[in-house]
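These are my notebook entries on one structure. I record what I looked up, topic by topic.

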Amino acid sequence: MSWQDKFTETFQHGFPYKPTALAWDPYFRIIAIGTATGAIRIYGRLGVEYSGQHEKSIPVTKIVFVSSQHQMITLCDDNSLHLWRLATTGLTWVKSQIYEVKLKKITTLCLRISEGHLLLGTEGGNVYHMYLDNFTRAPTIIYQEMVKAEVYKVFNRPLGAVKAIVESPIPINHIVIAYAGGVIVLWNCCNNTATRIFASEEALESICLDPNGKTITSSHEDGSYKIWKLNHLKNPKMDFVLAYGQDQCSTIPKIIRRKLRGKSLFVYTGGLPRTMKDEKFTVSVIHKGHPVNFDFSSKVVDFVVIESKVEPDTLVVLTEEELVVIDLLSKDWKMYRLPYLVSLHASAVTCNQHISDVSEEFWVQLQEAETNQNRDMYTNKHWPINGGINICFQNPNSRGELFLTGHEDGSVRFWDARNASLVPIYEFNIAQFFVVGGETNNPHFESVGEESPIFHKTGVFHPHIDDPRLAIKQIALCPSSGTLVVASTSGLIVVCRFNNEGVNREVEVTTLTVLNDLDGFIWRGIDQLIPKAGELREAAGFQAASILQLYPPAAIMTCELQGNWGLIAAATAHGFLLYDYIQKKSVMLKCTLNDAITDVTDVNIRRRTFNKIMRHSFRGFRRKCSSVEIKTPGREDLEICSQEHSTNCHVRCFHFAETFTSDAKSTSPTFWVGTNGGKIHVFTIDLPVARESGDVTCNLIKIIQLKNKAPVNAIAVLDGTNRPLSQSPDVNKNLVSLLDNTDLHRVIVASEKQLKVLSLPTFKTSCKYKLAPKDVASIRRVYLCENPDTSASHLFCVTSVGECIVFTTSDLKKRFSTEIVKPEDINAMSSLVFTKSGEALYFSSSTDLQRASLSAAKTWCILLAHMGCNEDDDSEVASVGTRSYFKLINSLKWEE
């Protein structure tokens, strides 16, 4: 088995970018979501999902399932209709029809399965027919003039655009047509006449026909809804309801009315007092006379009500930023825990990391902590969107994979990245330790007045941050020791240890000043966070063992954790720190600005003469420089040199490794620091036998200066078999092989312009690879990956132009290069990470996480047609040949 020479996009996680349409299929029990880019996603039970893409990136406005024929119809914003088939090869495009402008824009779709027709309502007021079997236009047309002639016999009212069409169960061969002018017509399709006509003074937005066909509920532009009882033939009875008082409310664009436990259930969006229509995004539910307004943080796109065999039980709401599913049968109408479509961007993602080889023991501990964490937030019922059967069961010997995301609100979220679906399993937030704005006593219910609506805050998407200083900048996790390090943009470092039991304790923050030896420094940046006073309750899971505040409170640029040694390293723009979190002591605290000041003094002594400046300028002129700036050396030169040198001293990377340094007989713990100026500082670390009482010491033994002085992006020590020297050799003894110390180690140093391998302990260059001088690209990120089929270690280098270059670690031989992301895609470039097996993960948008692999081989799962089979019986897989199905991508395997 081998890698291909290019990456292939496989799965997408997270929430669809800019959703525009939602549809529910009660037959297959699946949902479909259309987006503004022409994408379609279909979801059933966990692991059953698929996606399709229109030829043009045009917004999808409506989706209709044709369950009996295993088809789906989509309407796009350019007035085009597309027929899709749910076949054995997946979601397959069949045919398209584009309607001319003269027919006006299509506003609504309606299926007449009994006749095999698709009805199209338009802005011009006409209703057109299409044949479902060949997807062509039928000659039958219900012209607005025909309907108007019938309406004018009773009401003198303009009709306007067609807002909705519904097929009526009683009487048969009838449809209900609703017009924007407020007129509703029960139309006889056999003789093309109006059986009944209902008229309202208010402009109409939508209608809902009861399943029994006895009542019609209409919603209107003034925020009212009306119930029309059809049992009165000559004078239909109408009930008028205005949600809040007699004042006009905002428009109700959609309403659904059903029976729940013998009482009417109304679900609608909008209908709020006009004073707050621009402040709230709500879906209101009225049952037994008590209205509840589910308040969302983003605009509502659409909603559907899922019904069981007896009555409605679930409300599905699609907003612009999240999907929310609500249990209508629970006492407090709790949300369902989402198995997919979880908003990765519930708070803006600021950093991310992938962790491989997570032990099963640690995995179970995380899941138990998450269960206790959200015990009262979600309903205990099974996921209602359960169409299909996932036959791709997880390999019990598969490696545990975690995907970690840091967020703007100070939270760190843990995701199960083992399968096709990215499932949240745990969340930790540093905001619990500090005083931040926006805290309320009751975050779920809100009332703005005695007679005003009560809002129920719903969903997990919260775009408004309480304090920008909480934003997570760096994450480091050691599963073997149960240690998590979280660093923020305000110089805050929280070291957490995993505990299966909750504790009560006070918050203690240790402040460490990086600028100890620098006088006259004035910090004009953000202030540090204020810890909460008194005892705090920390739930089971990760709990703060040490909280460090670096001064000045600048952003943490890089952070590294060595869980087995009890050490962390962190750096800001002013210096770096080596900290012993077991004894809560600083091992080394170094200000990088001090060296800059010393070197600047030397530069001042060796100030260039005017003749040297002129000589340098003419040399540049002979090299055809576009322009030369000549100036007399003075204070400005000194300040420029100071700024450049200060930047060169910034720390770019850390590395911990137990390797050979002084001789080839024994190894010792080492600490490596790479800087912006191409320097590598090598320290030895002395760890005491009595770790709880003895002091850790650190000694500088080597400084390596790269000739090109390019910033050092990564450092990694390799063992005798050219595999990366694990920081934690006992991370998981069942999964990770023992390290080979029989041969000498080597260290890879990756700068922006070259890769270099040094032999240890001599520090002599073994091999190197330089980027071409004419190449404008520079190396941004470096990852050590392993092909799980050949166990060969490779070096993945990501350049500034979005290219990934793959090298062998033994001799830095270039295997191939391929484009992985577009350089102009800032989200993708900044979030790109690789798994241990060489799979890429990056944010293709602010909401979507894309996977890409060097292997094209895929495992398929089957979505079975839900023809009355038991939802929880996976034994139906055996009879797959007797059912209709289509295949869906579920997981990856290496190509053979």
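**Entry 1: strands E22 and E23.** I take two strands as paired if DSSP finds at least two bridges between them. By that criterion I looked up E22 and E23, which pair in the antiparallel sense over seven bridges. I note that the model is a predicted one. Within this pairing I find Ile-256 standing opposite Val-267 in E23. The two strands, E22 and E23, form a hairpin with two residues between them. In the turn, Arg-261 has a positive phi of about 55°. I then checked burial: five of the seven residues of E22 (residues 254-260) are buried, so this strand is largely enclosed by the rest of the structure.

Entry 2: I followed the chain onwards to Gly-271, which lies in the loop between strand E23 (263-269) and strand E24 (281-287). Is Gly-271 buried or exposed? Gly-271 has a relative accessible area of 0% and is therefore buried. I also looked up its separation from Val-283, 12 residues apart along the chain, and the C-alpha atoms are 9.1 Å apart.

**Entry 3: overall composition.** I count six helices and 62 strands in the secondary structure of the protein. The protein has 896 residues, and buried residues make up 55% of them. Of the contacts between residues at least 6 apart in sequence, 56% join residues at least 24 apart.

**Entry 4: the sheet E46-E47-E48-E49.** I looked up an open sheet of four strands, which has the order E46-E47-E48-E49 and antiparallel pairing. Its edge strands are E46 (651-659) and E49 (697-705), each of which pairs on one side only. Direction ignored, neighbouring strands of this sheet are turned by 20° against each other on average.

I then took the pairings one by one.
- E46 and E47 pair in the antiparallel sense over eight bridges, and the bridge partner of Val-651 in E47 is Thr-675.
- E47 and E48 run antiparallel and are joined by five bridges, and Phe-671 has Phe-683 in E48 as its bridge partner.
- E48 (residues 679-686) and E49 run antiparallel and are joined by eight bridges, and Ile-680 has Ile-704 in E49 as its bridge partner.

E47 and E48 also form a hairpin with three residues between them, and Gly-678 in the turn has a positive phi of about 80°.

How many residues of strand E47 are buried? Eight of the eight residues of E47 (residues 668-675) are buried, so the strand is largely enclosed by the rest of the structure. In a regular strand, side chains alternate between the two faces of the sheet. For E47 I find both faces covered: Ser-668, Thr-670, Trp-672 and Gly-674 are buried on one side, and Pro-669, Phe-671, Val-673 and Thr-675 on the other.

Entry 5: A search of the whole structure finds 25 aromatic pairs. I examined Phe-498 and Phe-542: the ring centres are 5.2 Å apart and the planes lie at 90°, so the pair is edge-to-face. This pair links distant parts of the chain, with Phe-498 in strand E37 (residues 492-499) and Phe-542 in strand E41 (residues 541-551), 44 residues apart. Both Phe-498 and Phe-542 are buried. I also find a cluster in which ring pairs link Trp-565, Phe-576, Phe-654, Phe-656, Phe-671 and Phe-683.

I looked next for charges over rings. Lys-254 lies over the face of Phe-303, at 4.9 Å from the ring centre. The charged end of Lys-280 sits over the ring of Phe-455, 4.7 Å from its centre.

**Entry 6: nonpolar cores.** The largest nonpolar core has 47 residues. Which of its members touch the most other members? They are Phe-7, Leu-323, Leu-341, Phe-403, Phe-796, Ile-820 and Phe-834. Strand E59 (residues 840-843) gives the most to this core, with four residues. A second, separate core has 35 residues, among them Trp-363, Leu-366, Leu-402 and Phe-498.

I then listed contacts of Leu-341, leaving out residues up to four places away in sequence: Leu-341 touches Gly-14, Phe-15, Pro-16, Ile-31, Ile-33, Tyr-43 and Leu-323.

**Entry 7: Arg-85.** I found Arg-85 in strand E8 (residues 80-87). Its relative accessible area is 35%, so Arg-85 is partly exposed. Beyond its neighbours within four places in sequence, Arg-85 is in contact with Gln-69, His-70, Gln-71, Gly-90, Leu-91, Thr-92 and Val-94. From Arg-85 to Val-66, 19 residues apart in sequence, the C-alpha to C-alpha distance is 9.4 Å.

Definitions and conventions
Residues are numbered from 1 along each chain as its sequence is written. This is a predicted model: local features need pLDDT of at least 70, side-chain atom pairs count only at pLDDT 80 or more; totals for chains, interfaces and linings use all residues. Side-chain values use heavy atoms; hydrogens and water are left out. A nonpolar core is a set of buried Ala, Val, Leu, Ile, Met, Phe, Trp, Tyr and Cys residues joined through side-chain atoms within 4.5 Å. Buried means under 20% relative accessible area, exposed over 50%, partly exposed in between (1.4 Å probe, protein chains only). Contact means heavy atoms within 4.5 Å. Rings of Phe, Tyr and Trp (its six-membered ring) pair if their centres lie within 6.5 Å; planes under 30 degrees apart count as stacked, over 60 as edge-to-face and the rest as tilted. A charge sits over a ring if NZ of Lys or CZ of Arg is within 6 Å of the ring centre and within 35 degrees of the ring normal. Axes are lines fitted to C-alpha atoms, for helices over the stretch in contact, and angles run from 0 to 180 degrees between N-to-C directions.
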